[in-house]
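I opened this model today to look up a few local features. My notes follow in the order I checked them.

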Amino acid sequence: MADSNALEGLTQALRRLPGVGAKSAARMAFHLLQHDTQGALQIARALEHAVHSVKHCTLCNTLTELDICSTCANPERDRSKLCVVETPADQAALERTLAYRGLYFVLMGKLSPLDGIGPHDIGLQKLFDRVVPRGARGEPVTADAREVQEVILATNFTGEGEATAHVISQALRSRSVQVTRLARGVPVGSELEYVDLGTIAHALVDRR
């Protein structure tokens, strides 16, 4: 197609979105330019504003426009519990359950040696410093003086997520921190014959 550099650039940009292939990106690009130019401009303005306004919370590392996010700043949250998740989307999912009232730490990723992602790439040291801060002389604060008393590992149940949880668990337990792992089990409302065997096995091991 002649004179299509701008259209091709838009299509390639849309392909950067997760789950969007070449055909889907082209369909979106044609729709926006042909049927919804105002929507295209709105998306462009919203993206530019978000990129320049959104940053990481200095405490939990999630995305926010403030130095400290609303969750960390909320005095009614249980500050003795810290739930570790991989992404802000995982944090949002846990919040929607209304079952957890503690604080969070968002890794912004997971350990993946094959992709070259190590402990420093997902901010594990920042997590350890948050859980076990140091006193004025640089020594670790004693267990009874720490704000965080329990770390809940809520990384995903993938190979990388399990490896990430294991590394964090080993490091924190060596620092005398109570560490728990999000339980795995049979989904509510499901029938056993349709549940995958791995889930059933984990549900048996984690039975209560």
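**Helix α7 and its surroundings**

I started with helix α7, residues 159-173. I find 15 residues in it, and it reaches 21 Å from first C-alpha to last, close to the 21 Å expected at 1.5 Å a residue. I keep in mind that this is a predicted model.

Next I asked which residues of α7 are buried. They are Gly161, Thr164, Ala165, Ile168, Ser169, Ala171 and Leu172. I then looked up what covers them. The cover includes the strands β3 (78-85), β5 (150-153) and β6 (178-181), along with helix α6 (124-131).

**Strands β5 and β6**

I checked how β5 and β6 pair. They run in the parallel sense, over four bridges. Going from β5 to β6, the chain passes through α7, and this β-α-β crossover is right-handed. I also looked for the residue opposite Glu150, and found Gln178 in β6.

I turned to the UniProt record. An unreviewed entry there lists residues 57-72 as "zinc finger region: C4-type". In the model I get 19% helix and 12% strand over this stretch. Its end C-alpha atoms lie 9 Å apart.

I then picked Thr62. I located it in the loop between β1 (55-56) and β2 (63-64). Is Thr62 buried or exposed? Its relative accessibility is 6%, so I count Thr62 as buried. The cut-off for buried is under 20%.

Last, I listed what Thr62 touches, leaving out residues up to four places away in sequence. I noted Lys55, His56, Cys57, Cys69, Pro88, Gln91, Val106 and Met108.

How values were computed:
Residues are numbered from 1 along each chain as its sequence is written. This is a predicted model: local features need pLDDT of at least 70, side-chain atom pairs count only at pLDDT 80 or more; totals for chains, interfaces and linings use all residues. Side-chain values use heavy atoms; hydrogens and water are left out. Helices (H or I, at least four residues) and strands (E, at least two) are DSSP runs, numbered from the N terminus. The expected span of a helix is 1.5 Å times one less than its number of residues. Buried means under 20% relative accessible area, exposed over 50%, partly exposed in between (1.4 Å probe, protein chains only). Contact means heavy atoms within 4.5 Å. Two strands pair if DSSP finds at least two bridges between them. A crossover is right-handed if, with the strands pointing away from the viewer, the path from the first strand over the helix to the second runs clockwise. UniProt positions are given in the numbering used here, feature names are shortened, and annotations may be inferred rather than shown by experiment.
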